[in-house]
Amino acid sequence: VLFATGDVMAQQAVEKVGFDKHNLGRTGRMALYGGAVFGPAATTWFKFLAQRINLRSENLTIAARVLTDQTVFASTNLFCFLSSMAIMEGSSPKDKLDSAYWPALQKNWMLWPAVQAINFKLVPLEHRVLVVNIVSLGWNCYLSYINSQSKK
């Protein structure tokens with residue numbers, strides 16, 4: 001639902017396409033990715049980080065979790081997102097990755113390390129995906145926009 005909401009925000013608030021020209025297929029692809037891929041993967045990932053990355057101090061643990069999250073999960077998830085969007089759109093994953101991956105990953109690193117540091121420090125494990133989902137409304141809007149722009 002949140003990936004689809006981000007797409008609606010991108011199409012209506014950023015791109016201003018109007019409801020008569022709203023691309024429902026694009027919104028559906030975003031919803032499918034969010035529900036079938038990101039949601040289950042993020043839930044499993046947060047459990048993995050909580051179970052496997054525990055260092056001698058809380059701050060070192062948080063730093064290690066953020067570093068691991070941003071180097072392993074963020075980069076992999078972005079790769080999967082752009083590739084799967086290209087496949088569902090009938091376009092080239094290589095072209096999509098060439099045009100959108102690096103700029104999106106750079107933007108990711110401007111936002112998510114701070115969000116995740118706060119998330120890992122202050123939020124109980126069972127609510128971490130919820131925090132990510134709330135911030136993701138804006139992030140998914142950006143992802144939908146950059147995904148649509150990389151086709152042009």
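Phe73 is buried in this predicted model, with a relative accessible area of 16%, where buried stands for under 20% relative accessible area, exposed for over 50%, and partly exposed for values in between (1.4 Å probe, protein chains only). The model being predicted, local features need pLDDT of at least 70 and side-chain atom pairs count only at pLDDT 80 or more, whereas totals for chains, interfaces and linings use all residues. Residues are numbered from 1 along each chain as its sequence is written, and side-chain values use heavy atoms, with hydrogens and water left out.

Aromatic pairs were defined by rings of Phe, Tyr and Trp (for Trp, its six-membered ring) whose centres lie within 6.5 Å, and the pairs are called stacked when the planes are under 30 degrees apart, edge-to-face when they are over 60 degrees apart, and tilted for the rest. By this rule, the count of aromatic pairs is 11. In one of them, the ring centres of Phe3 and Phe81 are 6.4 Å apart and the planes stand at 45°, so this pair is tilted. Because Phe3 belongs to helix α1 (residues 2-14) and Phe81 to helix α3 (residues 58-89), the pair ties together parts that are 78 residues apart in sequence; helices here are DSSP runs (H or I, at least four residues), numbered from the N terminus. Phe3 is buried, at a relative accessible area of 6%, and Phe81 is buried as well, with a relative accessibility of 0%. The rings of Phe38 and Phe73 form another pair, with centres 6.1 Å apart and planes at 55°, so that it too is tilted. This pair links distant parts of the chain, since Phe38 lies in helix α2 (residues 24-52) and Phe73 in helix α3, 35 residues apart. Phe38, at 8% relative accessibility, counts as buried. Ring pairs join Phe3, Tyr33, Phe38, Trp45, Phe48, Phe73 and Phe81 into a cluster.

The nonpolar interior was examined next. In soluble globular proteins, nonpolar side chains tend to be buried together. A nonpolar core is taken as a set of buried Ala, Val, Leu, Ile, Met, Phe, Trp, Tyr and Cys residues joined through side-chain atoms within 4.5 Å. The largest such core contains 30 residues, and those with the most contacts inside it are Phe38, Phe46, Leu78, Phe81 and Leu82. Helices α2, α3, α4 and α5 each supply at least two residues of this core. For Leu78, when its neighbours within four places in sequence are left aside, the residues in contact (heavy atoms within 4.5 Å) are Tyr101, Ala104, Leu105 and Leu143.

Helix α5 (residues 125-149) has 25 residues, which at 1.5 Å a residue should span 36 Å, and the distance of 35 Å between its end C-alpha atoms agrees with this; the expected span is 1.5 Å times one less than the number of residues. The helix bends by about 50° at Ser136, the bend being the angle between axes fitted to the seven residues ending there and the seven starting there. Among the buried residues of α5 are Val129, Ser136, Trp139, Leu143 and Ile146, and the buried residues of this helix pack against α1, α2, α3 and α4 (93-122).

Side chains of opposite charge can pair when their charged atoms come close. The structure holds 5 salt bridges, each being a side-chain nitrogen of Lys or Arg within 4 Å of a carboxyl oxygen of Asp or Glu. The side chains of Glu15 and Arg26 meet in one of them, at 2.6 Å from N to O, and this pair links the loop between α1 and α2, where Glu15 lies, with Arg26 in helix α2, 11 residues apart. Glu15 is partly exposed at 22% relative accessibility, whereas Arg26 is buried at 7%. Salt bridges that share partners join Asp7, Glu15 and Arg26 into one network. Another salt bridge is formed by Lys121 and Glu58, at 3.3 Å from N to O, and it links helix α4 with helix α3 across 63 residues. Lys121 is partly exposed at 38% relative accessibility, as is Glu58 at 46%. In a further bridge, between Glu89 and Lys96, the closest N and O atoms are 2.9 Å apart, and Lys96 is buried with a relative accessible area of 3%.

Finally, Lys16 is found in the loop between α1 and α2 and has a positive phi of about 50°, although it is not a glycine. Lys16 is exposed, with a relative accessible area of 62%.
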